[in-house]
Amino acid sequence: MDEITKEHREKSTRQLVMVTCLCLVTLIFAIFSLGTGSSENLDLTSTMRVIFGLDSPTELQSDIIWQLRLPRVLMAIIAGTALATAGALMQGCLGNPLVSPLTLGVASGAALGAAFAIILNLSVIPEVAIVANAFLFSLVVVGIIIQLGSMRSVSAESYILVGIAITFIAGAIVSTLTYFATDAQLSQLTHWSFGSLSRPTLRDTVWIGASVLCLVPMGLIFAWDLNAMSLGGDDFAISTGVDPQKTRRNILILSALLTSVVISFTGLIGFVGLAAPHMSRLIIGNDYRKLIPCSAVSGSLLMLFADTAGRTLFAPVVIPVGIMLSIIGGPVFMYLLMRHRGGVM
């Protein structure tokens, strides 16, 4: 075995160990999060005893564990996985490290749909109307991406510019609707825009999880194409048999679907899709065969940490996860980047 092959195998083994450790940390933290909350009768020990059938729970304890905490913990893992995977895919195919799942305007489309549902009172069941409308309007943005991808002259920068344009247009319409909203409608719209994991029920979480479980592995199919595009740009990718325009369009559609299926239920959650892929690059490198899974796990851990902190720091007051991600993740993200580049913090 030559020296290069030996070094490559050692590096791959080290990366695999890192991802495995990250998975174990996420699992341990999920168990910790499940046993953490404002209820004095359900600490970590008593929660574990109830889950494993060692104690018989009261009706209140059963509701707290199975109807409140479990869906929230599962949704944190699912949402973190989906948004972080979408972020890694988008940054790779567009060649821009500042791209996130919100860049394409999918979130703005969802916000516009939610605003219509809230302010125009489109249904006798407001929660269903908000989710359905948010998802429908986000799919409209996906349709625009598909049409854009069919044009031969479209570059990677064009997707970003169109996303910015959609964001401004949708934002202007939402601002107009907000201007005519009542106090109750304004409060509901503002709360939706914060992003929260408390909205999806256990049934919603199962359906979202099944969708994400089907979509995320599809991202791994594009790992080799992304490696080719990141190594030498479109010209190099073409020389290896990759069609950059087709690959870019398919990845952006997949990323938009991953984003819309989550934020339609949770509201706007944006930071994890930007930060998790960058944090994963510091751990695993730029090989997308490993970066995509690592980003998914990192996103889950980041989302779990932010939501648990939001539930416990000022209990019984709960801070939405979208706010906590910015408060906690921003400084940590800056520290990691500065440390990696040899800067002083």
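Guide: The expected span of a helix is 1.5 Å times one less than its number of residues. Keep that rule in hand. This is a predicted model.

Visitor: How do you know that the reach of helix α11 is close to what is expected?

Guide: Helix α11, residues 271-284, has 14 residues. From its first C-alpha to its last, α11 reaches 20 Å. The rule expects 20 Å, so the two values are close.

Visitor: What makes α11 mostly covered?

Guide: Buried means under 20% relative accessible area. In α11, 11 of the 14 residues are buried. Among them are Phe 271, Val 272, Met 279 and Ile 284. Gly 285 follows the helix, with a positive phi near 95 degrees.

Visitor: What makes the contact of Asp 287 and Arg 289 a salt bridge?

Guide: The side-chain nitrogen must lie within 4 Å of the carboxyl oxygen. Here the N to O value is 2.5 Å, so the pair qualifies. The structure holds three salt bridges.

Visitor: Which parts does the salt bridge of Asp 307 and Arg 72 tie together?

Guide: Their side chains meet at 2.9 Å, N to O. Asp 307 lies in helix α12 and Arg 72 in helix α3, so the bridge ties together parts 235 residues apart in sequence. Both residues are buried.

Visitor: What joins Arg 72, Asp 307 and Arg 311 into one network?

Guide: Arg 311 and Asp 307 also meet in a salt bridge, at 3.5 Å, N to O. Both lie in α12, four residues apart, about one turn of the helix. Salt bridges that share partners join Arg 72, Asp 307 and Arg 311 into one network.

Visitor: Why does Leu 44 count as partly exposed?

Guide: Leu 44 has 33% relative accessibility. Leu 44 lies in helix α2. Together with Leu 27, Ile 31 and Phe 32, Leu 44 forms a nonpolar patch on the surface. The four have about 330 Å² of accessible area together.

Visitor: How do you know that the chain agrees with a compact globule?

Guide: With 345 residues, a compact globule would have a radius of gyration near 20 Å. The chain has 21 Å, so it agrees. The chain has 13 helices and zero strands. Buried residues make up 48% of the chain.

Note on methods: Residues are numbered from 1 along each chain as its sequence is written. This is a predicted model: local features need pLDDT of at least 70, side-chain atom pairs count only at pLDDT 80 or more; totals for chains, interfaces and linings use all residues. Side-chain values use heavy atoms; hydrogens and water are left out. Patches are made of residues with over 30% relative accessible area and no salt bridge: like charges are joined within 9 Å, nonpolar side chains (Val, Leu, Ile, Met, Phe, Trp, Tyr) within 5 Å. Accessible areas come from the Shrake-Rupley method with a 1.4 Å probe; for residues, only the protein chains shown count as cover. Helices (H or I, at least four residues) and strands (E, at least two) are DSSP runs, numbered from the N terminus. Buried means under 20% relative accessible area, exposed over 50%, partly exposed in between (1.4 Å probe, protein chains only). The radius of gyration is taken over C-alpha atoms; the globule rule is 2.2 Å times the number of residues to the power 0.38.
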